[in-house]
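Subject: Structure handover

Hello,

Please find the structure below. My notes on it follow.

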Amino acid sequence: MSEMAEAIRDLIEQKGLSAESVMSTIENMLKAAYKRTYGTNANAVVVFEKDENDIPVDVTIYSRKEVIDGGEDIDDVFDPVTEVPLGYARKLSPDCEIGDELDIPEDPKTFERSSVSTGKQTAHQGLNESYKDNLYNEYKDKVGGIIIGYYQRERNGTIYVDLGKIEGVLPQKYQSPRERYEKGDRIRAYVADISKNANGIQLILSRSAPELVRSILETEVPEVADGSVEITKIVREAGYRTKIAVSSQREDIDPVGACVGLKGVRIQNVIQELLGEKIDVLRYDSNPVVFIKNALSPAEISRVIILDEDKKQALAIASESQFSLAIGKQGLNVRLANRLCDWSIDVKTEEQAAEMDLSEFTSRQNAQNLFRDDDDEFAKISGLPGVDERVADLLKAAGIEDVRQFVDNYDSISVEGVSKEDLEKLNALINENIEFVDEEQSPEQGEGANAENNAADEEEYFCPECGAKITLDMTHCPKCGVEFEFQEDEE
């Protein structure tokens with residue numbers, strides 16, 4: 001094998017370059033040297049000799065010259081670079097005639113020293129660019145994924161990661177403050193971007209991106225990988241806490257349980273990869289009240305009141321013991337909950353909330369929570385203020401989801417896990433919050449009812465607290481919520 005063939009084969013195997021790109025580089029190198037020597041390369045022709053594997057084994061550069069009338073002296077022409085006299089040409093090719101083009105081999109060793117240097121420089125640049133292009137095409141699809149490398153060095157806060165063929169860069173702003181590395185330590189990172197520079201190709205890595213957590217979860221949780229569990233949103237304060245909202249369209253899958261795993265094994269693997277960063281996995285809910293409650297976990301929230309739906313402002317009320325947990329250290333928990341829900345959440349204790357006038361918001365929210373968007377639907381049991389969620393879930397599983405179903409079947413309801421006392425409490429709650437009006441009342445029934453209520457209708461009653469109009473059958477003011485009772489005057 002010739003030295004050229006061996007050098008080309010090494011380039012192809014070690015640098016991953018194609019034979020075509022190597023031949024193109026050699027051709028450009030020879031033409032650059034030719035131009036430096038003769039002032040033009042328009043008539044330079046480079047021809048490769050290849051082996052059975054299409055690998056170049058030799059190369060020749062020719063000067064393509066036009067045959068003109070002249071003697072046997074090669075310089076017997078006006079332009080010896082592009083012309084050759086007929087007499088000289090017939091020494092090389094006896095059959096040539098005036099006007100023919102003749103390729104005359106050139107010896108690169110005769111080129112000027114500066115021309116050779118120019119050619120080498122051109123070849124070096126060409127090979128580097130070909131190598132960069134190949135690497136770029138190989139690694140560009142890794143952007144948005146996870147890659148594993150090893151700690152190489154640190155400079156001015158930036159960590160350089162050995163990825164094999166190329167180098168990864170982990171800028172300080174993309175690092176987790178919890179993490180420290182020693183030379184040779186394994187680093188698993190999210191590929192944020194890819195860039196070309198004078199030194200080659202670099203991958204921009206991140207250990208702080210929420211997408212890193214998503215990718216790790218896809219590896220650890222098969223239900224996430226196959227789409228059975230959907231990650232609705234991830235927010236993160238790298239090194240401190242991550243909140244993950246999950247959901248599933250399949251009723252037989254608990255999305256939170258799937259991510260946490262048996263005895264927390266799955267989520268512990270994620271926490272270990274993030275070097276102890278706290279992770280809250282919670283259920284996504286389209287109802288902002290429920291979602292905000294979930295988002296403030298691990299704190300238990302007593303109530304959530306929507307203050308302004310258009311501006312997405314809400315008030316979360318927690319007990320004194322849960323208040324600091326809901327806020328979090330330096331406000332981190334509520335800040336992440338704000339980002340997760342895209343709501344502005346203010347957290348108050350029950351005592352602080354009691355000092356605020358929330359009656360208008362509470363009444364409006366109760367009405368919104370009770371009914372679905374469809375006017376033909378009845379009130380949902382789960383929307384009743386103060387309802388036992390366990391009882392509501394058990395009834396829903398048994399096919400009793402709205403209040404009308406419950407009332408119509410009250411005497412015959414038998415659901416495992418729901419006691420008679422539970423049913424009585426729920427029935428009392430319904431009677432306290434909902435008044436049913438029978439729209440298809442017969443004329444006789446209507447006359448009887450009117451006769452009974454005429455006396456009551458003659459006199460109007462108003463709330464002593466806010467002045468809202470009330471009726472004798474009410475126990476709470478519908479506007480301000482104050483409790484009252486009616487007593488007959490003693491005659």
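Arg266 is partly exposed, because its relative accessibility is 23% (buried means under 20% relative accessible area, exposed over 50%, partly exposed in between, with a 1.4 Å probe and protein chains only). The side chain of Arg266 forms a salt bridge with that of Glu223, at 2.9 Å from N to O (a salt bridge is a side-chain nitrogen of Lys or Arg within 4 Å of a carboxyl oxygen of Asp or Glu). This pair joins distant parts of the chain, with Arg266 in helix α8 (residues 265-273) and Glu223 in helix α6 (residues 222-225), 43 residues apart. Helices (H or I, at least four residues) and strands (E, at least two) are DSSP runs, numbered from the N terminus.

Before going on, some notes on the source. This is a predicted model, where local features need pLDDT of at least 70 and side-chain atom pairs count only at pLDDT 80 or more, while totals for chains, interfaces and linings use all residues. Residues are numbered from 1 along each chain as its sequence is written, and side-chain values use heavy atoms, with hydrogens and water left out.

The structure has 21 salt bridges. Arg236 counts as buried because its relative accessibility is 6%, and Glu277 is buried with a relative accessible area of 0%.

Asp280 and Lys243 also meet through their side chains in a salt bridge (2.9 Å, N to O). Asp280 belongs to strand β12 and Lys243 to strand β11 (residues 241-247), so this pair ties together parts 37 residues apart in sequence. Both residues, Asp280 and Lys243, are buried. There is also a network of salt bridges, which links Glu179, Arg186, Arg188, Arg207 and Glu273.

As for the whole protein, it contains 17 helices and 17 strands. Of its 491 residues, 37% are buried. Among contacts with a separation of 6 or more, 54% are between residues 24 or more positions apart (contact means heavy atoms within 4.5 Å).

Finally, Asp75 lies in the loop between β2 (56-68) and β3 (83-85). Asp75 is exposed, with a relative accessible area of 54%.

Regards
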